[in-house]
Number of protein chains: 2
Amino acid sequence: MRTLLKNAKILKMIDENIIEGHVAITDNMISEVGPDVDINAQYDKVIDCEGNLLMPGFKNAHTHSAMTFLRSKADDSSLQDWLFKEIFPREANLHPGCIKELTKVAILEYLTSGITSCLDMYFFIDEYKEACDELGFRSVFIGMYNPKDGRDVDSLIRMYKEWNQDKNALNKMVIGMHAEYTADEEQFMAMENCLKTSGSPFYVHACETYSEVKECIDKRGMTPIEYFDLRHLFDNGGAIFHGVYLTDNDMKILKEKDITVVSCPASNMKLASGIADITCMLNKGLRIAIGTDGSASNNALDMFREMYLLTGLQKIATKNPVSISAFEVLKMATVNGAIAMNLDNAKYLEVGQLADIIMIDLMRPSMQPINNIISNLVYSGGKDVVKMTMINGKILYFDGKFLINEDISEIYKKAQSLTDELGIIKQ
Amino acid sequence: MRTLLKNAKILKMIDENIIEGHVAITDNMISEVGPDVDINAQYDKVIDCEGNLLMPGFKNAHTHSAMTFLRSKADDSSLQDWLFKEIFPREANLHPGCIKELTKVAILEYLTSGITSCLDMYFFIDEYKEACDELGFRSVFIGMYNPKDGRDVDSLIRMYKEWNQDKNALNKMVIGMHAEYTADEEQFMAMENCLKTSGSPFYVHACETYSEVKECIDKRGMTPIEYFDLRHLFDNGGAIFHGVYLTDNDMKILKEKDITVVSCPASNMKLASGIADITCMLNKGLRIAIGTDGSASNNALDMFREMYLLTGLQKIATKNPVSISAFEVLKMATVNGAIAMNLDNAKYLEVGQLADIIMIDLMRPSMQPINNIISNLVYSGGKDVVKMTMINGKILYFDGKFLINEDISEIYKKAQSLTDELGIIKQ
């Protein structure tokens, strides 16, 4: 299968340069890029981009996709009430049969926002993988130790090997745990074993709230980051999610162990957790990626919202409008996300990389006039400028329509019925 | 001309109720609303809403539309550099011939965001009015005292009378000044005269930055709000823009004089001005409306961004996720905006009100599942959920397409050429 995207502006994300040219795709890989691609060669499909912008899709480096059933279910409530009265009791109702449909609603939203892959942490990853496979969406799943559900050390190591055999596979797997404060000694030991034997990078929520860090210090005499490091969990790299409260020493460790900090500005704002000190982390040379978090704590699944907020909140936090550049943020949302997700083959729009490409409609009014395309994207962009979302060489979204083999109203109907069922809190 | 919007969910914005039914429009007014509208009567145009949501359009209560030429021109710079090195030198290049095309780009973006009217303050309002008339967009313009351009007291009073003769006219006018710190005694005296004779409410930027308030206190021994009150400028009501730094006494005055505070959260964030204390203002019973400000300081012109930020930033500022309700914010963006703009006939989706109506596409993934339509709108909404924008009974935007009598690529081309010309800073 050969596809040609012709007459485009192309932002490879290797640097800020935007070139004019064409992109040829063979199966799921980018085979040619530039002004010299032969547009008269034989292609199965040709799309005229009419001067619009092609760039790598956004990488959502932290989410819990199936949480769509909790969207708008518990807004405007305190973190404790939110978690213990609204979220946990409803999550207790979850069963494997829910995950697929609830995830599909999230995937549809990702497509509208130009998100081409997710690093996802939630229950029942086999069912989540089914949703991704059925819609053609790329994800990296975080497998967690849970022997009650058959996820013991051996099973995680075997999964890691099997799911990552083909480096260009649509869906892959890494290993992680929820958080320091929800793990017991058995879990820490299991993680050590898993990571040492499998070689997987490590993924974990960390330093999201002030009280989380304080309680860890009270209990262990050190921060969560220091404790993970002591337990050798960072030895194969990986990422932490949130990182709102990091000490200088935490940042030093994260830098030394090449751990990405995945910032989730909308979630941290909604739950009043605080503003991560991205400016300081960048000064210390840390790699930042961006995540939407789940739709219970956001509520949208929109990389434009996150990019805009990430820059904006730094201006508020530092009281300085001279903050992070638009290109730096765009890099976080693409290249750095791919690195965080262990997807070195999805970093750039370049020959030999996976064909996860989006087209930005430069003829939307928010993209006009053109003083600076990258600034327009980061500061004025939104879902309405996403003209095309291609994953693994297949166009899944074009001109506001989903090009999938399923009726979206059926997906909504099933998800709504599950949402209604799961919304009931059992006494 | 009779139009029927049938099979809709209807949010009148009188309260939180959402009813099922139909809306009939006669010329530019809403003539019938509810389940009993005769859908088989004679109509010139019938739209099947297929269960989607109809609600009043958003009222953008503070903007400088023609500033589109500065979008993405000066990001990531300090307020002083931004204003004095980037904005003012380029604004000095403006001439009446620019305003129309630059404004049209903004109007196109307003339509994509469901904004059906603006309260606009900028240079050359005759040319701005032309842009609105030509595209069918509703605005209330702020006429400012500027005798060099023929806007003396008599002319402002005459304009106020003429432009407001027809209370349902597409474009109307009120009187105001830029700010306390840019006005001299002559301007204050002129304002007093204008407002006393015309009866116009008063509009002004106020208390946007800490230094603005401090300098006023140093100079006049009182805050800008206290000074405006002393000069009787609040006697006919009106609105102040920004209100980031308000004292208790300021809020008392604003409440007594029934002045709306128009909050511009994105602009205040971009320029690191601060976070307005909306929570406190609401507790004191003040009316809040919402503005995008111009695209130089935002950079998008998007009411969804503003609504979301307004709630989110309160959670950050108060460190409390229990903040303003979604309905309260939606009211600010619609009803309160109309009141601020002196448009009592555009507050609700109700019989006898102007037919400024938007349709929200509930089948977009960000609007699913439906736990709470109003929360979905405020916390997950974006331009991509706006299916229709109707102003003055005419559908100007539907399914991503502009239904205007002009070629949008021509509008962009002209605006781009003006942008390039105006972007050069003359030495």
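Modeller: Two residues are in contact if their C-beta atoms, placed from the backbone, lie within 7 Å. The model is predicted: local features need pLDDT of at least 70, side-chain atom pairs count only at pLDDT 80 or more, and totals for chains, interfaces and linings use all residues. Residues are numbered from 1 along each chain as its sequence is written, while chains are lettered from A and ligands numbered from 1 in the order in which they are written.

Biologist: How many residues of chain A are in contact with chain B?

Modeller: By that criterion, 55 residues of chain A are in contact with 55 residues of chain B. Several helices (DSSP runs of H or I, at least four residues; strands are runs of E, at least two; both are numbered from the N terminus) each supply at least two residues to this side of chain A, including H1 (79-91), H2 (96-112) and H11. H14(A) gives the most, with 5 residues.

Biologist: How do the residues of the side of chain A that touches chain B divide into nonpolar, polar and charged?

Modeller: Ala, Val, Leu, Ile, Met, Phe, Trp, Tyr, Cys and Pro count as nonpolar, Asp, Glu, Lys and Arg as charged, and the others, Gly among them, as polar. On the side of chain A that touches chain B there are 21 nonpolar, 22 polar and 12 charged residues.

Biologist: Which rotation superposes chain A on chain B?

Modeller: In general, two copies of a chain are related by a rotation about an axis and a shift along it. Here the copies are superposed by least squares on the C-alpha atoms of residues with pLDDT of at least 70 in both. A rotation of 180 degrees with 0.0 Å of shift along its axis places chain A on chain B, with an RMSD of 0.0 Å. The two copies are therefore related as by a two-fold rotation axis. Of the residues of chain A, Asp384(A) comes closest to that axis, its C-alpha lying at 2.4 Å. The copies meet through the same surface, because 100% of the interface residues of chain A are also interface residues in chain B.

Biologist: How many residues of H11(A) are buried?

Modeller: A residue is buried if 20 or more other C-beta atoms lie within 10 Å of its own, exposed if 12 or fewer, and partly exposed in between, with C-beta atoms placed from the backbone. In H11(A), 14 of the 16 residues are buried, and the helix is mostly covered. Just after H11(A), Lys319(A) takes a positive phi of about 50 degrees.

Biologist: Where is Ala272(A) found, and what is its phi?

Modeller: Ala272(A) is in the loop between H9 and helix H10 (278-283) of chain A. Its phi is near 55 degrees, a positive value in a residue other than glycine. Ala272(A) is buried, with 20 other C-beta atoms within 10 Å.

Biologist: Which residues does a cis peptide bond join in chain A?

Modeller: Asn298(A) and Asn299(A) are joined by one, with omega about 10 degrees. Asn299(A) is in the loop between strand E13 (288-290) and H11 of chain A.
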